[in-house]
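Here is a short report on one protein model.

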Amino acid sequence: QDEETQHSLECIQANQIFPRKQLIREDENLQVPFIELHGESTEYVGRAEDAIIALSNYRLHIKFKESVVNVPLQLIESVECRDIFQLHLTCKDCKVIRCQFSTFEQCQEWLKRLNNAIRPPSKIEDLFSFAYHAWCMEVYASEKEQHGDLCRPGEHVTSRFKNEVERMGFDMNNAWRISNINEKYKLCGSYPQEIIVPAWITDKELESVASFRSWKRIPAVVYRHQSNGAVISRCGQPEVSWWGWRNADDEHLVQSVAKACASDSRSNSTKLMNGNCSRDFSNGGDLSDVEFDSSISNASGAESLAIQPQKLLILDARSYAAAVANRAKGGGCECPEYYPNCEVVFMGMANIHSIRKSFQSLRLLCTQMPDPGNWLSALESTKWLQHLSVLLKSALLVVHAVDRDQRPVLVHCSDGWDRTPQIVALAKLLLDPYYRTTEGFQVLVETEWLDFGHKFADRCGHGENSDDLNERCPVFLQWLDCVHQLQRQFPCSFEFNEAFLVKLVQHTYSCLFGTFLCNNAKERGEKHTQERTCSVWSLLRAANKAFKNLLYSSQSESVLYPVCHVRNLMLWSAVYLPCSSPSTPAEDTCAPYPAPGSSPEDQPLGRLPKTRSFDNLTTACDSSVPTTNRRSSDPSLNEKWQEHRRSLELSNLGNPGDDPFDGDSLSKQGRAPVGAELSVAAGVAEGQMENILQEATKDDVGLEEHLRGSLETVGKGDEIALDKEKRTENLHG
């Protein structure tokens, strides 16, 4: 009886609070050109020049003769009228959409409609995710089926804190404790309610530390190396100001982090070390490329073992100049004299204003028509890849300190919710293979980005009255780009594929799901987003075969050491470049829920989804594409691929004495991108591995012959320089 009453209330809520809007047709013969989602109602349908255009409470749909544009309204950043008859739409993910009209009046009318539709909501319930969830619940309640659990992210996400503490093996008896000082967010509104701190640090001391850290974001432990016990902590900047303030409790807490690592009874290391991963830059110098390479190559875990206290590394994401300038606004950085046995390194990462400017330059370049002749120099001038390089280097410095030098690390920037989660989340991804699984990656995003208060509403521009353009910045997108770079270099190390990341980019902004709403967990709790919206992880679940990486091997490298130089990075074409081959939208399913009577695992496995367009807004797989019989996890392919990588001297990753930043490391390590553009960087012609996969359905003998031929090509020295066309011809022959 109670369940029926609850379902009835949900039905009333959906119909009354989110009523359907009346459709206005510019031509009586026009029909809505797409299948609406639950809760979606189309408001306008009209004709553009050689196209049908429709606007709903969720999307803009433009159906051209040979292609379709389908874009969520919240993904549109701005709309303007150009050349009198043309609408120019700029999207938050770098896309640009152009639509031509026959008359000036019609163009202006649609300009007005779109500007009204894309403005930030006056209240959060105006976002489509709330109507979508309410109508989903109504539909399934009327069918008397319990599908509510499909809206939820899963137990591994909801119980992530407890599970992570146990998985990483924290010694909660002697070294660490879980503090509830932030219960109900009474200490810090942008922090989780439970945090890990050294066991002997009292809550009273934590309150004192909070008064000294920006936004009361105190040093909190977020990761423990399961082999050596070294930890990663994160916080906000110290409020030193021009007066040079200091706080004894803060100094004690920072030093206690290193002491807790030493006393962790579960640590496998009996000898502590004073790592020399970094040279002393506390005198104000930033880490240059040459110094970074030498600091990594000169450190050897085997050689630097010493019976000394661990020297904690404080990694400040900013430049030294920026850190000092923050003193004028009440911030600053740690003074080495006040933090003994600590080393401060400044990484020189750009702030959100510089990143926003770089992204706008990238967007302008990627949408230029025709293709500019000076493409490479223009790409360099955007500095986008340079920013990615610095971010990767920062994360790798953390990895080197924790994994090879067994040193604890404390990471912060200014406020601790932009550059800090970028570095920490990337470092954890490199250190721990669990985070490279679909389940672990969800936990990583929820923990480092959502629990610790990255301001998604302000940075994405979909918060209540979030009109301040200076607060917008693609911080999370930049981090996902770095994850994509890692996928290209380590094609067998990630359980999910490129399509997974591209979908995550789209739904970061789409507001179809409630995962990335609000600025912190406190706001999401107050707005009850978890109960009133669907989770994006219900779409990007591990059972969804469309997001499986066919080359994934759980036996791949435990710790990843990527090449970070700009010359080794590539533009993420699947996200930033316009779609070169338009596809038609799938019309069989638009919701993340499976059809009644079917299993989520029964989704068809087709070729790589065309992720560059928004044709299908909730599913990444175009089900209208004929499926293949390719084996999704051919063990022989994975084994031979792993043998191939080992044959390229990848063993140097496990040798602390080797330099992973050697200029020849790319040719040594044989990285390959994942997804639609499979290629092997170490001498294998571009496209060979893709051809191998395409031929996999013929017979296993042919597959082995193709693969063996590719591996022989790699090992023949001078033959690597043969003409690419000739090698491709031989492969097909």
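Helices (H or I, at least four residues) and strands (E, at least two) are DSSP runs, numbered from the N terminus. Just after helix 12, Gln-406 adopts a positive phi of about 55°. The model is predicted: local features need pLDDT of at least 70, side-chain atom pairs count only at pLDDT 80 or more, and totals for chains, interfaces and linings use all residues. Residues are numbered from 1 along each chain as its sequence is written, and side-chain values use heavy atoms, with hydrogens and water left out.

Helix 12 itself spans residues 384-404 and reaches 30 Å from first to last C-alpha. That is close to the expected 30 Å (1.5 Å times one less than the number of residues). Of its 21 residues, 18 are buried, so helix 12 is largely enclosed by the rest of the structure. Buried means under 20% relative accessible area (1.4 Å probe, protein chains only).

UniProt, in an unreviewed entry, places an "active site" at Cys-413. Such annotations may be inferred rather than shown by experiment. Cys-413 sits in the loop between strand 15 (409-412) and helix 13 (419-431). Cys-413 is buried, at 2% relative accessible area. Beyond four places in sequence, Cys-413 touches residues including Asp-316, Arg-318 and Arg-419 (contact: heavy atoms within 4.5 Å).

An open sheet of 3 strands runs in the order 6-7-8, with antiparallel pairing (pairing needs at least two DSSP bridges).

Strand 6 and strand 7 (residues 86-91) pair over 6 bridges. Val-79 stands opposite Leu-89 in strand 7.

How values were computed
Buried means under 20% relative accessible area, exposed over 50%, partly exposed in between (1.4 Å probe, protein chains only).
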